[in-house]
Each structure stands twice: as C-alpha cells, then as structure tokens.
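Here is a short report on one protein model. Keep the structure in view as you read.

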Amino acid sequence: MTETADTRTSAPRLSVSAPSGPTVIQRATALDAAEIAYVAAITFPLACPPHSHREDMAAFITSNLSPAHFGAYLSDPACAVFVARTESEITGYTLIKTGPPAADAECELPPGLALELSKIYVLPGHHGTGTSAQLMGAAVQHARNARASTLWLGVNSLNERAQRFYRKCGFTYAGTRTFTVGSQTEHDFIFALNLSSAAPDV
Ligand SMILES: CC(C)(COP(=O)(O)OP(=O)(O)OC[C@H]1O[C@@H](n2cnc3c(N)ncnc32)[C@H](O)[C@@H]1OP(=O)(O)O)[C@@H](O)C(=O)NCCC(=O)NCCS
C-alpha cells in the first residue's frame, strides 16, 4: 500500500446495497460461540492471500477460532462480539478487543483509548448486501460508547476487497505489521478510524 493508494479515502464512496432480508445485529452470547466458530472457519480463509497453505489456515483456525476461543472472548470484559443474524442463521460477526497494536507494529495512533476491530467476517452469500456495514455500525457505536479515540484493525496487504470496504467506512492507512499464519509471515496494513470525526454513513 502506498500513500497514493491511500488518497482514495479523501472522498470515500459510502454506497452499499440495502440489506437483503431481515438481518439484525446483536451482541453475541455464550450460546453463539459454536456457530460463530463455524462462520469463522468458513470466512478466515477468504481473508488470507492466495499463496496461503491450507494446512496453515486449518491449524490457525484450530488454534485461534474454535468454539472455546469464542467462548473465552464472550466472557472477557475487554472484548465484545456482535453477530449478524437472519431468521435462520448467523451470517457474520465482528470481534472488538481493547488495546493498541502490538509494540512491534509500525504505526502511530492518536492518544487516547484504542480499540481493535479484530475484523469483520461475513459469509460469502452475504457480501455486498450491507451486512458488513451493519456490523461496522455496531462496532463503531460500541467504540464510541466506550469513549475510544480510535478504532484500528489489521488487514492483509493483498485483501483488496476488505481494504476497499474499510476505506468506505472511513478508515485510513496508519501503518504496517506482520502476522503469522503457520509457516507464512504475512504483511498487514493497519487502518484506523478517528472517532472524534463525524461517523461515516455506510
Ligand atoms: C471484507 C468484507 C467484510 C467486506 O464486506 P462486503 O459486503 O464484501 O463489502 P462491500 O461489498 O460493501 O464493499 C466491498 C468493496 O470492495 C469492492 N471489491 C469487490 N471485490 C474486490 C476486489 N477483488 N478488489 C478490490 N475491490 C473489490 C466492491 O466492489 C466494494 O466496493 P464498492 O462498494 O465501491 O463497489 C467481506 O467481503 C468479507 O467478510 N470477506 C471475507 C472475510 C474478510 O476478508 N474479512 C476481512 C478481514 S480483514
């Protein structure tokens, strides 16, 4: 990512399709842990670059995205999980954690409380429907309620769709970090949303 590419944020386009069907966003409970893990197992590989090894992604899912892991997030007061839910199923989720990027990240955020948007993951059949924007709205509202100054995230440098989505939501490039999935060291961009600015109308 270059500063040139980052200038796309100067006039963010905020148009997305209206949600198809009755999708609601809810704070997840412990009862949702297994279904969120199911959605995570489907969607995590979609966020990985094309050169990712299947065994590395599978190991990462087992080690980080199991029902037990989500159960722990759901009982952790430093975390919040929101799900997008239709009448029949969970179609996406977002996990928000308290804290700044790790010390080895190369980025600088404004002073004040930083929350991490530990990504938005939506099932493929619901991309482009507005579900992601609904989840983002809940995450931003949560961060504002927590009086955070910044909402930040790491996104793979090759995940152009996600970057486009985050930029539409008002995030801008703030730095880089590395992210390890099995044998591969991946390069993430750090994007940040300044919560003292006007809320984006995604
Ligand atoms: C990332 C994600 C949450 C975004 O939600 P979404 O519903 O797909 O987002 P939208 O359709 O509103 O926006 C995506 C934008 O990227 C564009 N896009 C689609 N494919 C693209 C591609 N291959 N390269 C660049 N842009 C692309 C879309 O046209 C759209 O832009 P537009 O509204 O200006 O036309 C969703 O795609 C997802 O869950 N992906 C899989 C998991 C993932 O990667 N999560 C993010 C991890 S950081």
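## The core

The largest nonpolar core has 46 residues, and Leu 151 and Phe 191 touch the most other members. The model is predicted.

Take Leu 151. Beyond its neighbours within four places in sequence, Leu 151 is in contact with Leu 115, Leu 117, Ala 139, Val 140, Ala 143, Leu 193 and Leu 195.

Strands of a sheet pair through backbone hydrogen bonds, either parallel or antiparallel. Look at strand 2 (residues 79-85) and strand 3 (residues 90-98): they run antiparallel, joined by seven bridges. Cys 79 stands opposite Lys 97 in strand 3.

## A helix on the sheet

## Around the ligand

How many residues surround the ligand? There are 19, and the closest are Ala 47, His 127, Ser 132, Glu 160 and Arg 164. By class, the shell has nine nonpolar, five polar and five charged residues.

Which elements each supply at least two residues of this shell? They are helix 2 (33-47), strand 5 and helix 6 (160-168). Helix 6 gives the largest share, five residues.

Notes. Residues numbered from 1 in each chain as written. Predicted model: local features only at pLDDT ≥ 70, side-chain atom pairs only at ≥ 80, totals over all residues. Pairing = 2+ DSSP bridges. Helix = DSSP H or I, 4+ residues; strand = E, 2+ residues; numbered from the N terminus. Core = buried A, V, L, I, M, F, W, Y, C linked by C-beta atoms within 7 Å. Buried ≥ 20, exposed ≤ 12 C-beta atoms within 10 Å, placed from the backbone. Contact = placed C-beta atoms within 7 Å. Near = placed C-beta within 6 Å. Nonpolar A, V, L, I, M, F, W, Y, C, P; charged D, E, K, R; others polar.
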